[in-house]
Amino acid sequence: RESDHRAWTPVSCTVTRQNATVQGLTEGKAYFFRIAAENIIGMGPFTETPKEIVIRDPITVPDRPEDLEVKAVTKNSVTLTWNPPKYNGGSDITMYVLESRLIGKEKFHRVTKEKMLDRKYTIEGLKEGDTFEYRVSACNIVGQGKPSFCTKPITCRDEIAPPSLDLDFRDKLIVRVGEAFSLTGRYGGKPAPKVTWLKDDIVVKEDDRTKIKTTPTTLCLGILKSVREDSGKYCVTVENSTGSRKGFCQVNVVDRPSPPVGPVIFDEVHKDHMVVSWKPPLDDGGSEITNYIIEKKDAHKDVWMPVTSATVKTTCKIPKLLEGREYQVRIYAENLYGISDPLISDEMKAKDRFRVPDAPEQPIIKDVTKDSAVVVWNKPYDGGKPITNYIVEKKETMATRWVRVTKDPIFPGTQFKVPDLLEGCQYEFRVSAENEIGVGDPSPPSKPIFARDPIAKPGPPVNPEAVDKTKNSVDLSWQPPRRDGNSKIIGYLVEYQKVGDEEWKKANLTPDSCPETKYKVTGLTEGLTYKFRVRAVNAAGESEPAYVPDPVEVKDRLEPPELILDANMAREQHVKAGDTLRLSAVIKGVPFPKVSWKKEDREVSPKADIEVTGVGSKLEIRNTVHEDGGIYSLTVENPAGSKTVSVKVVVLDKPGPPRNLQISEVRSDSCYITWMEPEDDGGSVITNYVVERKDVASAQWVAISSSSKKRSHMAKYLIENTQYLFRVAAENQYGRGPYVETLRPIKAIDPLHPPGPPKNLHHVDVDKTEVSLAWNRPDRDGGAEITGYLVEYQEDGADEWTKFQTVPMLDCVVTGL
């Protein structure tokens, strides 16, 4: 019956089982059911369901969740998302269970004990490098459903992606002053990149006008109320551990220009016009000046009259003026973005005010040589018109006529080098200035000068030093002065002073007694210490002295030997046989050392030429042979010490003969030849061996190998029963060495061996003093026909065998027993 009705409705009356299916029910309604048993006597009491039953489909566990995805991976965390199951089992999802399994392990472990209903979860605290797979299950009131499909194995490490940059701005941006502008774009990358803004390579910082906004995916630099100083090259850098990307924008904040730079210069003033000039504005507003606007005003009126607005030059002619009136000029600069404030000139009266230039002051003459002089003057007043030329004139002091020194214009310089003077003559010079009105008066004449090279005292000698000494003398040396005063150095004066004295004594009285840059000061006292100085002398006089840096004690000098090796001893020396060996070195030492040459600690060969000079020694061996190679040493010795140097000399020659030539494995058509390398390879690597043979009946040797690098060779194609000689020689890059030859001929035959033992030896007959024997041929004859059989006998118990005789046949009668 329905729960809200009282009447029972029969379902079946013929059920013999202990269960029944009730059909025709309405989904969502509640019903009670009762059952009674019946037999032939009748129906028993009913049993009723204790509570109502609501009709609906049966509840099961949910299906598996879907679309389990990994959203983010770092070195210690993993973020997962998933979608709910397609079917929740007939009951709402109460929670999700997320499980993980470490790769290599069998079991899954629950990730969190919390009740989880969100379909996104970040697992943290993982170990970098570990690899897991994950699955998730849904739960309802019935229980936990099947787990989702596993993710692929996920290794804990930071995701890496190089930065990307997508900009919304172009390479160039022009902005008017006062306007705002922004540079925007999008970026990406893993790990999240760092965004940096630079302007002209300086980091941009936020302030009242500058705003920087960066989100995980977008970037923006905004500037409010821009000013000219905001112009520059902007750069945005997006950088992470994998690299960086850059974007650039040249921003030009433009404005009207600043005023032209004054003062206004009146280049020309006439009764009816003027020419003025000025300098461009310091700031063109970020855009090229397109033109200047020039206006004029009578100083006694308030009206400005236009002159021109189409000039781009910084000079302008102001026309239509009234003579005697005073005028002002004002100038504006204009670009694409506006007109500047004006530059206003001083007042200027319109009248002619020009004449020829004044006479320059008296010129000064300098840098006189035997054929030239430089004339220098100051610029005179130009008479109101620019000076266009100077006229320089010369005359000999005793003459009356002035001559122009050049027809070429001299301008704008105020000095001129006059050429072509006659040596020894005396000259005066004067200068006139010229403008477009004409040539002005000449200057007063210069002071007279003689045309000759100037002479001055020379500079001091350079780097004087004591280079040698004995017990009563010191040798000095120096270099010429850096400047000779334009006069030949006559010689040098050398002075010395005993340490402790004040007086300097002359070592030579006149400079011409020491024309060279060296001098030997003699007559000194042994054991005393002296100072020395040197002066240079030319026609103008003596130079300042140059001092030897340190005082010198007068005594015999001892210097240990010193060897300065020439290139032929600086390293191992290779000489080709027959060439000349040269070894040499520079030798120093006081007194000059004793020189000795050795080879392998023994005297050098008598064929060696040894030369010793005051500065070095040389050893020379002509027509070298291989035996001249070895270690050569040079020893120098004096009372202050000794020094030895050695050099290894290798004389490169043909190699020696090969050793231990052996012939083996002789056959009827071949034999095997072996040898050892020569004891002496001639100082160069052996490149190959030459093997030759000769029939003993022939006089001609025949090469059988000329390029073998091995120390053996199989000689083939021999003629049986022919006797041969063989020889071998080694070759290197310097030629072929001597041959080594076999001592006796080799016959080309197959080798012979002893035959095998006879077979089946037995006696045929026996007598009291003799025995008849017989036997069979042996299995092998050793490579040659058997010529006979040797028969021996031995008395029983004896040690020795007694030879009887050799027989040709396969039987024998042994007698005399």
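Okay, one term before we start: when I say contact, I mean heavy atoms within 4.5 Å. And keep in mind that what you're looking at is a predicted model.

Let's go to W597. Which residues is W597 in contact with, once we leave aside its neighbours within four places in sequence? There's M569 and L583, then E603, V604 and I610, then the run S617, K618 and L619, and finally S633 and L634.

Some of those names come back when we look at the largest nonpolar core, which has 20 residues. The members that touch the most others there are M569, L583, W597, L619, Y632 and L634.

Now, the annotation. The UniProt record, an unreviewed entry, marks residues 163-252 and 561-646 as "domain: Ig-like". Take 163-252: that span is 64% strand and 0% helix, and its end C-alpha atoms sit 28 Å apart. For 561-646, we get 60% strand, again 0% helix, with 15 Å between the end C-alpha atoms.

Last stop, the surface. I59, V61, I141 and V142 make a nonpolar patch of about 330 Å². If you want to find V142, look in the loop between β10 (131-139) and β11 (154-155). Is V142 buried or partly exposed? Partly exposed, because its relative accessible area is 43%, and buried would need under 20%.

Conventions: Residues numbered from 1 in each chain as written. Predicted model: local features only at pLDDT ≥ 70, side-chain atom pairs only at ≥ 80, totals over all residues. Heavy atoms only, no water. Core = buried A, V, L, I, M, F, W, Y, C linked by side-chain atoms within 4.5 Å. Buried < 20%, exposed > 50% of the residue type's maximum accessible area, 1.4 Å probe, protein only. UniProt positions renumbered as here; feature names shortened; annotations may be inferred. Helix = DSSP H or I, 4+ residues; strand = E, 2+ residues; numbered from the N terminus. Patch = residues over 30% accessible without salt bridge, like charges linked within 9 Å, V, L, I, M, F, W, Y side chains within 5 Å. Areas by Shrake-Rupley, 256 points an atom, 1.4 Å probe, with all protein chains shown as cover. Salt bridge = Lys/Arg side-chain N within 4 Å of Asp/Glu carboxyl O.
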